[in-house]
Amino acid sequence: MCKFLQSETTDDLKSVPGIGEATERALNKLGVYTTYQLYAVYLSFKDKGTNDMKNEFWRYLSDAGIDSHRSSVVQCVTEKMSLLFPEL
């Protein structure tokens, strides 16, 4: 995870630890094709008035049928967003 957090963001969803072929396909079905789009999904929960974006993101992935490595994806995206947007 340290390497991911320190690296530049790329379009490749599989650059996020925990995202493999199956998770990428599930996200693609939701219209999420890039890491930037995945970050946008996470950030969209701030606009919904929730104080717990992490749990909302967890539910989003769960509702999409993403079970394998979901914790890793949630943790990595949450940490990356905290680094990029400390005010969150």
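**Contacts, burial and helix packing in a predicted model**

Biologist: Let us start with A26. Which residues does A26 contact, leaving aside its neighbours within four places in sequence?

Modeller: A26 is in contact with A64 and I66, once those neighbours are left aside. Keep in mind that this is a predicted model. Contact here means heavy atoms within 4.5 Å.

Biologist: Where does A26 lie, and how far is its C-alpha atom from that of G65?

Modeller: A26 lies in helix 2. Its C-alpha atom and that of G65 are separated by 7.3 Å. Along the chain, A26 and G65 are 39 residues apart.

Biologist: Why is A26 called buried?

Modeller: The relative accessible area of A26 is 15%. Buried means under 20%. Therefore A26 counts as buried.

Biologist: Now T35. What makes T35 buried?

Modeller: T35 has 0% relative accessibility. The limit for buried is under 20%, so T35 counts as buried. T35 is found in helix 3.

Biologist: Which residues does T35 touch, not counting those up to four places away in sequence?

Modeller: T35 touches T9, T10, D11, D12, L13, S15 and V16.

Biologist: Next, the loop between helix 1 and helix 2. Both P17 and I19 are in it. Why is P17 called partly exposed?

Modeller: P17 has 26% relative accessibility. Buried needs under 20% and exposed needs over 50%. The value for P17 falls in between, so P17 counts as partly exposed.

Biologist: And what makes I19 buried?

Modeller: The relative accessible area of I19 is 7%. Under 20% means buried, so I19 is buried.

Biologist: Which residues do P17 and I19 touch, not counting those up to four places away?

Modeller: P17 touches F4, S72, V73 and C76. I19 touches L13, K14, E24, L27, L38 and V73. The C-alpha atoms of P17 and S72 are separated by 6.4 Å, although these residues are 55 apart along the chain.

Biologist: On to the largest nonpolar core. How many residues does it have, and which have the most contacts inside it?

Modeller: This core has 22 residues. V16, L27, L38, F57 and V77 have the most contacts inside it. Helices 1, 2, 3, 4 and 5 each supply at least two of its residues. Helix 5 gives the most, with five.

Biologist: Which residues does F57 contact, leaving aside neighbours within four places?

Modeller: F57 is in contact with L38, V41, Y42, F45, V73, V74 and V77.

Biologist: How do you know that helix 3 and helix 5 are roughly perpendicular?

Modeller: Their axes cross at roughly 80° and come within 11 Å. Angles of 65 to 115 degrees count as roughly perpendicular. Helix 3 and helix 5 are therefore roughly perpendicular to each other.

Biologist: Which residues meet where helix 3 and helix 5 touch?

Modeller: From helix 3 come L38, Y39, Y42 and L43, and from helix 5 come V77, T78, K80 and M81. Six residues of this contact are nonpolar, one is polar and one is charged.

Biologist: Are C2 and C76 buried or exposed, and why?

Modeller: C2 has a relative accessible area of 56%, and over 50% means exposed, so C2 is exposed. C76 has 2%, and under 20% means buried, so C76 is buried.

Biologist: Last, H69. Where does H69 lie, and why is it called exposed?

Modeller: H69 lies in the loop between helix 4 and helix 5. It has 51% relative accessibility, and exposed means over 50%, so H69 counts as exposed. Its phi is near 65°, a positive value in a residue other than glycine.

Terms used:
Residues numbered from 1 in each chain as written. Predicted model: local features only at pLDDT ≥ 70, side-chain atom pairs only at ≥ 80, totals over all residues. Heavy atoms only, no water. Helix = DSSP H or I, 4+ residues; strand = E, 2+ residues; numbered from the N terminus. Buried < 20%, exposed > 50% of the residue type's maximum accessible area, 1.4 Å probe, protein only. Core = buried A, V, L, I, M, F, W, Y, C linked by side-chain atoms within 4.5 Å. Axes fitted to C-alpha atoms, helices over the stretch in contact; angles between N-to-C directions. Parallel < 35°, antiparallel > 145°, perpendicular 65-115°, else oblique. Nonpolar A, V, L, I, M, F, W, Y, C, P; charged D, E, K, R; others polar.
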